Amino acid sequence: MSQDLTTTAESIAQTIAAFVSKRVGADVPADKDLFESGLVSSLFAMELVVHLEQAFSVQILGDDLKRDNFRSVQAMTALVLRLNGAE
Amino acid sequence: MAEQPSIVKCLVWDLDNTLWQGTLLEDGEVKLPDSVRELITELDSRGILQSVASKNDHDQAWQQLEALGVAEYLILPRIGWGPKSDSVREIADELNFALDTIAFVDDQPSERAEVEFHLPQVRCYDAERLPEFAALPEFSPATVTVDSRRRRQMYQAGFLRKAAEAEFQGPSDDFLRSLELEMRIGRATEDELSRVEELTLRTSQMNATGVHYSISDLRGLLVDPRHEVLVTTLTDRFGPHGAVGLQLLERHAAVWNLKLLATSCRVVSFGAGSALLGWLGDQAAHAGVHLVADFRRTERNRMMEIAYRLAGFTDEPCDCRAGLTAPAQEDIQRLHLLPTPCDPPPTMKLHTVSLQSA
C-alpha cells in the first residue's frame, strides 16, 4: 500500500518535472523554488494549473489555486496526490 | 420586412476597371479615380478591412498599388490566376471571419457569378455601385471606436507577429521579451469610452464579474472622485494591440475595491492580466491599503479566477471588508489581498499613472 503510494508520487513528480523542464529548457530539481528562481512567470503558472488538471484529471479550485501550491515540483506533486486521494 | 443588413467586416476588391480604371496588362497604365481613393480611406477609418482578389501579374499589380499609394490599406491581397472564390475564401479563413461578413466588388458579371456560386453567403456588388458604398448601411457601423480606426494596422501587426512566433525557437519568455511589449495604464479619456464599454461586453472569457457597464455608467464614474476608470493599452515592436484592459476601482480609506477587471482574450498569452494585477497590488502596497476584488464565476471566466488566486487573492476574512459598499450583484464573491510591493514582469515595460496622487 505505502509502496503504491511512493510509486504514484514518483511518477507524478516525474511527469510534472518533465513538463516544467521542457518549458524552461533545463533540468529542475524537485525542491527548487520556481518562482524565486524566476523560472516560472505568472503566465506559466496559469499554464501549470491547466496542465495539472488535464494530466491528472483533477480540479484545482478556490484557495488550492494559491501560488505556494505551484512553487516547486514537490509542492505540485503533493497537491495532485491530495486531490486524487480526496476522490 | 427587410432586416437591417449586417455590417461588412472586409471588402474584397477586384482591380481592373473596379479599383482602378483600365486593364493593367493591356493598357500598361491605369488610373485611380479620386472617388475610389476617398472610399478606400473612408472605409478604412470606419474599421472595415479591405483586401484584393484580382487576376493579374502579382508583382506588377502590387507595384502599381504601391505607386498609387493605396497598397498599405489592402491586407492579405490575392493576386494571381486562380478562381476568385478561392481567393475570397482564403482571405476569410485567414482573418477568421464568417463568409457572410465579407463583401466582394467586381465589374465582371462572370466573376461575381463564380464567387456567388461557390460562396453564396458572400455579398457581391457590381463596380457600378461603388459611388453608393459609403452610404450603404452594411458599410456604416453604428459606432466607430478608437480601435476600429486602427483595426487594419492591428491586423497587419498581428500577421507579422504570427510569422515571428512561428519562426522563434526557445523558451516562450524569451519570445515575449523579443516582442518588446510596452503596457500603458492610464485614466480613461472620453475618447476611449466606447472602446472601454466594448471591453466589458466582449471579454466574456476574461471578465471578472460579467457585469456590463454602459457608456453613461462609465461617464458617471469618470467624474466621480472615489472611482478610477483605468484603461490599459499594449504595443509591441510590430505595432499596437489597442485597448486591451479595463480596471474599475473604488477607493475607500483603508481598502481599494477592484469592481471590475476585464482584459481582451487576445493578450492573455502575453501575461497582460497578471501584469495588471501585479501593478495594482504594488500601487496599493505603496498607498498602504488592502485590495478587495469582485469576482463572479461564469462559465467562461475561469482563467480570471486563476489569475486572481495566483496573484495571492484569497477568501480570507478581513476587517477592511466591512467598509465596502454592497456589490453590484448578489452572487459576487470578494477576494482579498494584503498587497506587497511587486516588480513589473521582466517581459514588458510599464508606463503607468500613479494612483497615490488623486
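Predicted model: local features only at pLDDT ≥ 70, side-chain atom pairs only at ≥ 80, totals over all residues.
**Entry on strand S9 of chain B**

I took helices (H or I, at least four residues) and strands (E, at least two) as DSSP runs, numbered from the N terminus. For burial I counted a residue as buried if 20 or more other C-beta atoms, placed from the backbone, lie within 10 Å of its own, as exposed if 12 or fewer do, and as partly exposed in between. Strand S9(B) covers residues 255-263, and nine of its nine residues are buried, so the strand is largely enclosed by the rest of the structure.

Two strands pair if DSSP finds at least two bridges between them. I found that S8(B), residues 239-251, pairs with S9(B) in the antiparallel sense over seven bridges, and that a hairpin of three residues joins S8(B) to S9(B). With S10(B), residues 290-295, strand S9(B) pairs in the parallel sense over four bridges, and there I saw that Trp256(B) has Leu291(B) as its bridge partner.

**Entry on the whole sheet**

I then followed the open sheet of seven strands in chain B, whose order is S11-S10-S9-S8-S7-S6-S12, with mixed pairing. S11(B) (333-337) and S12(B) (348-352) stand at the edges with a single partner strand each, so one side of each is left without a neighbour in the sheet.

S10(B) and S11(B) pair in the antiparallel sense over five bridges, and I noted Gln333(B) in S11(B) as the bridge partner of Phe295(B).

**Entry on the contact between chains**

I counted two residues as in contact if their C-beta atoms, placed from the backbone, lie within 7 Å. By this rule, 14 residues of chain A are in contact with 14 residues of chain B. On the side of chain A that touches chain B, H1(A) (2-24) and H2(A) (42-56) each supply at least two residues, and H2(A) gives the most, with five residues.

Conventions: Residues numbered from 1 in each chain as written. Chains lettered and ligands numbered in written order.
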